[in-house]
Amino acid sequence: CVGPWKGNSIGGGTIETGHFLAGRRASILFEPSGTHPQCKRCNRHLNGNQALYEMWMQHAFGPEEIDRLRQLKATIRVFTREELVDSRIEYAARLKAAVEKMSG
């Protein structure tokens, strides 16, 4: 689904972050290849619409990446404070670049 990004799920946006593999495991939570924009209906009411999501993942990333994500989910990951701060800085910069690109 395509729609405007109007904040996070708390803010009532129509597009949310969908996770290919369900669960709040730190090892996969922020993996770029496993998180994508997803409409609220698919993400919340259809539990991620997994059958269609997997078909898209197969086409976009291939079976090797899907296998890598599944193996990664089975691992335990503990982030350091520094890693989290670095990630926040990186994602803020990426968001700023995307907003500037969309603004023309």
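**Exercise 1. Determine how many helices and strands the protein chain has, and in what order the elements run.**

Solution. The chain contains five helices and two strands, where helices (H or I, at least four residues) and strands (E, at least two) are DSSP runs numbered from the N terminus. From the N terminus on, the order is β-α-β-α-α-α-α. The model is a predicted one, in which local features need pLDDT of at least 70, side-chain atom pairs count only at pLDDT 80 or more, and totals for chains, interfaces and linings use all residues. Residues are numbered from 1 along each chain as its sequence is written, and side-chain values use heavy atoms, with hydrogens and water left out.

**Exercise 2. State what share of the residues is buried, and identify the largest nonpolar core.**

Solution. Step one: of the 104 residues in the chain, 23% are buried; buried means under 20% relative accessible area, exposed over 50%, and partly exposed in between (1.4 Å probe, protein chains only). Step two: a nonpolar core is a set of buried Ala, Val, Leu, Ile, Met, Phe, Trp, Tyr and Cys residues joined through side-chain atoms within 4.5 Å. The largest such core has seven residues, namely Phe 20, Leu 21, Ile 28, Tyr 53, Met 57, Ile 66 and Leu 69. Helix 3 (50-60) and helix 4 (63-73) are the elements that give two or more residues to this core. Step three: beyond its neighbours within four places in sequence, Leu 21 is in contact (heavy atoms within 4.5 Å) with Ile 28, Leu 69, Arg 70 and Lys 73.

**Exercise 3. Describe the surroundings of His 36.**

Solution. His 36 belongs to strand 2 (residues 35-39). With 13% relative accessibility, His 36 counts as buried. A polar atom of the His 36 side chain lies 3.4 Å from the backbone oxygen of Ser 33. Apart from neighbours within four places in sequence, the contacts of His 36 are Glu 16, Thr 17, Gly 18, Tyr 53, Trp 56, Met 57 and Phe 61.

**Exercise 4. Count the salt bridges, and compare the placement of the pairs Arg 44 with Glu 16 and Glu 65 with Arg 68.**

Solution. A salt bridge is a side-chain nitrogen of Lys or Arg within 4 Å of a carboxyl oxygen of Asp or Glu. The count comes to six. In one of them, Arg 44 and Glu 16 meet at 2.8 Å, N to O. Arg 44 lies in helix 2 and Glu 16 in strand 1 (residues 15-19), so this pair ties together parts that are 28 residues apart in sequence. Arg 44 is partly exposed at 39%, whereas Glu 16 is buried at 4% relative accessibility.

Glu 65 and Arg 68 meet at 2.7 Å, N to O. Both lie in helix 4, three residues apart, about one turn of the helix. Glu 65 is buried, with a relative accessible area of 17%, and Arg 68 is partly exposed, with 33%.

Methods:
Polar contact = N/O pair within 3.5 Å; in protein donor to acceptor, adjacent residues only side chain to side chain.
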